[in-house]
Amino acid sequence: MLATRPAMTDNGQSGFVHVRGARVHNLKSVDVEIPRDALVVFTGVSGSGKSSLAFGTLYAEAQRRYLESVAPYARRLFDQMGVPEVDAIDGLPPAVALQQQRGAPTSRSSVGSVTTLSNLLRMLYSRGGDYPPGQDIVYAEGFSPNTPQGACPNCHGLGRVYEVTEQSMVPDDSLTIRDRAIAAWPPAWHGQNLRDILITLGYDVDTPWRDLPKKDRQWILFTDEQPQVPVYPGYTHDEVRRAIRKKEPPAYMGTFTSAKRFVLHTFATTESAMVRRRVARYMVSTECPVCGGKRLKREALSVTFAGLDIAEMSRLPMKRLAEIMKPVADGKSLGKRATAEHPEQAMVRQRIAQDLCGRLHVLLDLGLGYLALDRSTPTMSPGELQRLRLATQVRSNLFGVVYVLDEPSAGLHPADTEALLRALDRLKASGNTLFVVEHELDVVRRADWIVDVGPAAGELGGRVLYSGPPAGLERVRESHTRRWLFDGGRPAPRTPRVPNGWLRLADVTRNNLHGLDVAFPVGALTTVTGVSGSGKSTLVSQALVELVAEELGHEIADEAEGEPPSLEDVAPAPLGGHVVGGTAGVRRLVPVDQKPIGRTPRSNLATYTGLFDHVRKLFAATKTARARKYDAGRFSFNVAKGRCENCEGEGFVSVELLFLPSVYAPCPVCHGARYNAKTLEITYRGRNVAEVLGMTVDAARDFFADDPPVCRSLDVLREVGLGYLRLGQPATELSGGEAQRIKLATELQRATRGNTLYVLDEPTTGLHPSDVEKLLTQLERLVDAGNTVIVVEHDMHVIARSDWVIDIGPGAGDEGGRVVAAGPPAEVARSKASRTAPYLARELG
Ligand code: ADP
Ligand code: ADP
Ligand code: ZN
Ligand code: ZN
């Protein structure tokens with residue numbers, strides 16, 4: 001990372017932002033002029049460098065200038081982190097990034113808190129609510145479950161209480177203790193230790209649990225006592241007694257811990273996500289009996305508005321909320337206390353209701369009216385979250401700002417994209433500039449200005465091929481975007497495949513689905529369509545996946561490195577429905593989702609695909625490595641012997657900042673190489689292992705040309721359009737779409753067995769139309785090999801090419817959740833009720 005500081009001359013007169021010599025990531029010393037007060041769309045194939053220019057250069061520089069102006073000490077920090085590699089940027093206004101979250105959302109916020117609507121609602125209840133006679137006013141904080149003033153004292157504002165029961169900790173009471181009846185106890189040695197302690201204590205470990213005396217069962221599971229006793233592994237109780245009498249020294253002294261104590265203590269204190277997930281299984285949660293799950297104190301819940309308490313109001317879809325507020329804002333609805341008596345209260349109600357309506361209007365227009373204020377952000381898609389934040393900005397009355405957005409159309413049905421474009425227009429009309437990285441051609445066509453980056457990905461991209469009004473791009477031969485924007489050929493007519501059978505689900509109930517029956521063709525490519533919020537993900541990514549997994553009797557693979565489950569995860573939403581047939585053609589289920597392939601920089605493309613195992617073996621087989629007795633483990637940055645000890649193989653160290661989120665800086669010892677000097681002395685064909693991790697997939701394909709197992713993995717990665725990624729690119733730097741394609745590639749490199757059901761949720765996110773083409777080829781290859789592919793999708797190109805379409809809707813939330821049309825694309829395109837039909841008809845021509 002280079003640290004030349006960009007020139008700060010800001011003439012700002014021309015109405016353009018001037019960039020000179022941008023070299024972030026793959027950018028090849030880019031010079032470009034971009035207009036302000038315009039909608040500018042950055043286009044190009046995935047990996048071409050659009051984000052490196054829009055976010056890595058322009059936004060990063062705006063951010064740097066801002067931070068430097070507010071926090072002089074940040075200067076030192078930027079020297080450590082590196083400033084964007086660019087010679088000069090002139091005319092750059094302050095910037096706000098509305099980026100899609102990469103990796104896991106960290107904060108547990110809700111729709112209400114992100115939009116600040118909850119604050120307004122609390123003010124409304126505090127100052128304009130209907131109080132029972134004689135009750136004192138409750139201050140606004142008193143309506144928040146996250147404050148001591150507001151939280152229900154019984155559940156501390158969680159709404160649920162968590163407990164362990166005999167049933168939850170001993171799921172199978174026909175087992176004996178020796179056969180691990182107490183499932184909640186730790187596995188392996190620690191569990192054996194506890195069982196040995198029970199033997200010393202004289203408990204019967206060979207009788208089925210349910211036949212043990214109640215007193216014993218209670219003590220073993222629930223006691224707070226922690227007796228310390230001698231342990232003689234392998235002895236019976238009688239043998240232990242004899243040993244004690246003969247003063248035979250025990251193997252060790254063991255401390256007893258009841259199952260309850262173990263579960264609750266571990267859940268509260270463990271740092272390991274996996275352990276936490278494991279013990280969470282043995283807890284049950286029930287609604288808090290004091291607040292009825294509403295999380296608030298009784299005083300707060302006694303205050304109502306339009307007959308509802310604030311918790312009930314927060315559970316309504318925002319669309320309903322707006323309907324309730326409208327008459328109040330218009331001064332047509334009076335409070336219970338007569339307006340004449342309390343004119344100031346009526347005024348407050350009206351004022352706040354007006355503000356609420358104004359904000360809600362934007363959210364409804366962006367197609368988010370189906371969300372409730374209390375919906376937690378981790379359960380939302382990145383696209384929904386970005387639109388929420390966008391709506392918040394539209395109301396913020398800022399002007400003279402650059403908004404930098406990352407594929408705002410992700411997750412949007414073409415009908416919703418219209419609303420998005422209106423919101424962007426409003427931001428522009430109030431004097432702002434919009435820089436948008438986008439693939440959706442409907443958005444690209446509406447741009448005032450296009451910056452096309454390319455021509456290809458990684459090393460083969462990084463140049464600005466065109467910068468100007470959309471029409472001019474037609475003359476740029478080299479551009480892949482040109483082809484799609486102007487040639488846009490109709491898909492060749494094709495005959496849909498004939499399914500081998502039908503996978504039928506009946507009575508599916510969850511979120512907005514109520515008793516839905518639906519059939520998916522087996523041995524075909526199916527797309528599930530519908531406006532956002534209609535229920536596609538609920539049906540496919542949740543219900544279908546869980547029901548089929550249950551039917552096949554396999555547990556959905558717990559990702560080893562997950563976020564620790566929160567208390568909410570302990571009690572999953574009830575899932576109704578069952579598979580009524582068709583699993584004959586489905587023997588295996590593989591959900592290929594957009595969840596990160598790992599949450600720390602320790603996982604990367606090479607480790608996830610298994611490719612790195614081969615690479616490490618090649619290094620271990622070199623002459624020097626053999627002479628030094630270095631095995632393959634030596635070349636793992638997760639193993640102590642080979643890695644840099646300063647950063648423990650991360651390559652980065654985290655720098656804690658006062659008042660700001662901590663940032664990662666390159667490790668001062670290994671400078672990001674992750675390995676210790678000894679390991680780096682070993683080379684394979686002249687390169688050390690850190691250099692190999694630094695190669696792109698494309699470069700590695702040439703380098704490993706003679707090593708078939710490595711090549712096979714690399715080839716599939718290239719086929720799904722990931723040739724531009726570096727082998728060691730940390731999981732935390734990958735977008736959801738990239739993670740999804742890595743998972744797909746990992747699947748594709750396995751021998752295709754057929755009879756597998758692949759489930760994908762919007763795999764085209766982040767993909768340029770020419771990359772979508774590559775993806776389609778791969779999906780078709782899977783179907784041709786005898787598998788079934790079911791995809792949630794908005795991309796009309798993909799929908800037109802599928803064998804079967806299931807359109808969910810017609811609207812979002814309660815107005816959706818039904819099958820509006822199902823059939824081959826040409827048939828669905830003729831449906832009168834489907835909102836997808838007109839767009840599909842246009843695509844089919
Ligand atoms: P796009 O936005 O067009 O998909 P990017 O700007 O994300 O492309 O990536 C351009 C190139 O820079 C790619 O080769 C990518 O692998 C590389 N790249 C992206 N992020 C980083 C990073 N944090 N460090 C190094 N290289 C990166
Ligand atoms: P789509 O995939 O079509 O955009 P979803 O299946 O995500 O739609 O959502 C359908 C409905 O279910 C929406 O009203 C949404 O708000 C609701 N919903 C989805 N996930 C959850 C959840 N985890 N908790 C509560 N409601 C949810
Ligand atoms: Zn409570
Ligand atoms: Zn290091």
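# Briefing on a five-domain predicted model

Strand S25 (residues 804–809) and S26 pair in the antiparallel sense, and five bridges join them. They belong to a predicted model, whose domain assignment gives domain 1 (16–105 + 386–487), domain 2 (110–130 + 303–375), domain 3 (165–282), domain 4 (501–587 + 755–844) and domain 5 (605–734).

**The six-stranded sheet**

- S25 and S26 are part of an open sheet of six strands, which runs in the order S20-S23-S24-S18-S25-S26 and has mixed pairing.
- Strand S20 (588–592) and strand S26 (818–823) stand at the edges of this sheet, and because each has a single partner strand, one side of each is left without a neighbour in the sheet.
- From one strand to the next, the twist of the sheet averages 15 degrees.
- Helix H19 (residues 536–552) packs on the sheet, where it touches strand S18 (525–529), S20, strand S23 (756–761), strand S24 (788–792) and S25, and the direction of H19 makes about 155 degrees with that of S23.
- Within the sheet, Gly809 stands opposite Arg818 in S26, and the peptide bond from Gly809 to Pro810 is cis, with omega near 5 degrees.
- Pro810 itself has its place in the loop between S25 and S26.

**The three-stranded sheet**

- Three strands form another open sheet, with the order S2-S1-S4 and antiparallel pairing.
- S2 and strand S4 (88–90) stand at the edges, each with a single partner strand, so one side of each has no neighbour in the sheet.
- Neighbouring strands here are turned by 5 degrees against each other on average, when direction is ignored.
- Three bridges join S1 and S4 in the antiparallel sense, and in this part of the sheet His18 stands opposite Asp90 in S4.
- Ser29 is placed in the loop between strand S1 (16–22) and strand S2 (30–35), and its phi is near 45 degrees, a positive value in a residue other than glycine.

**Two helix pairs**

- Helix H13 (residues 318–329) and helix H14 (residues 343–365) have axes that come within 8 Å and cross at roughly 145 degrees, and the crossing of H13 and H14 is left-handed.
- On the H13 side, the residues that meet H14 are Met318, Lys319, Leu321, Ala322, Met325, Lys326, Val328 and Ala329, while those that H14 contributes include Arg349, Gln350, Ala353 and Leu356.
- Sorted by class, the contact of H13 with H14 has 12 nonpolar, two polar and three charged residues.
- Helix H9 (residues 259–269) and helix H10 (residues 273–280) pack at an angle of about 140 degrees, their axes being 9 Å apart, and the crossing of H9 and H10 is left-handed.
- Val263, Thr266 and Phe267 of H9 make this contact with Val275, Arg276, Val279 and Ala280 of H10, and by class the contact has five nonpolar, one polar and one charged residues.

**The two ligands**

- Ligand 1 is surrounded by 17 residues, of which the closest are His25, Lys50, Ser51, Ser52 and Gly458.
- Helix H1 (residues 50–70) gives the largest share of the shell around ligand 1, namely three residues, and the residues of this shell divide into four nonpolar, 10 polar and three charged.
- From each of domain 1 (16–105 + 386–487) and domain 5 (605–734), the shell around ligand 1 draws at least three residues.
- Ligand 2 is surrounded by 15 residues, and the closest of these are Thr379, Asn511, Lys536, Ser537 and Thr538.
- The shell around ligand 2 divides into two nonpolar, 11 polar and two charged residues.
- Ligand 2 lies between domain 2 (110–130 + 303–375) and domain 4 (501–587 + 755–844), because both domains give residues to the shell around it.

**Domain spacing and another cis peptide bond**

- The centres of domain 2 and domain 5, taken over C-alpha atoms, are separated by 54 Å.
- The peptide bond from Gly454 to Pro455 is cis, with omega near 5 degrees, and Pro455 lies in the loop between strand S14 (449–454) and strand S15 (463–468).

Key. Residues numbered from 1 in each chain as written. Chains lettered and ligands numbered in written order. Predicted model: local features only at pLDDT ≥ 70, side-chain atom pairs only at ≥ 80, totals over all residues. Near = placed C-beta within 6 Å. Nonpolar A, V, L, I, M, F, W, Y, C, P; charged D, E, K, R; others polar. Domains from an automatic or database assignment. Pairing = 2+ DSSP bridges. Helix = DSSP H or I, 4+ residues; strand = E, 2+ residues; numbered from the N terminus. Axes fitted to C-alpha atoms, helices over the stretch in contact; angles between N-to-C directions. Contact = placed C-beta atoms within 7 Å. Left-handed = near helix turned anticlockwise from the far one by under 90°.
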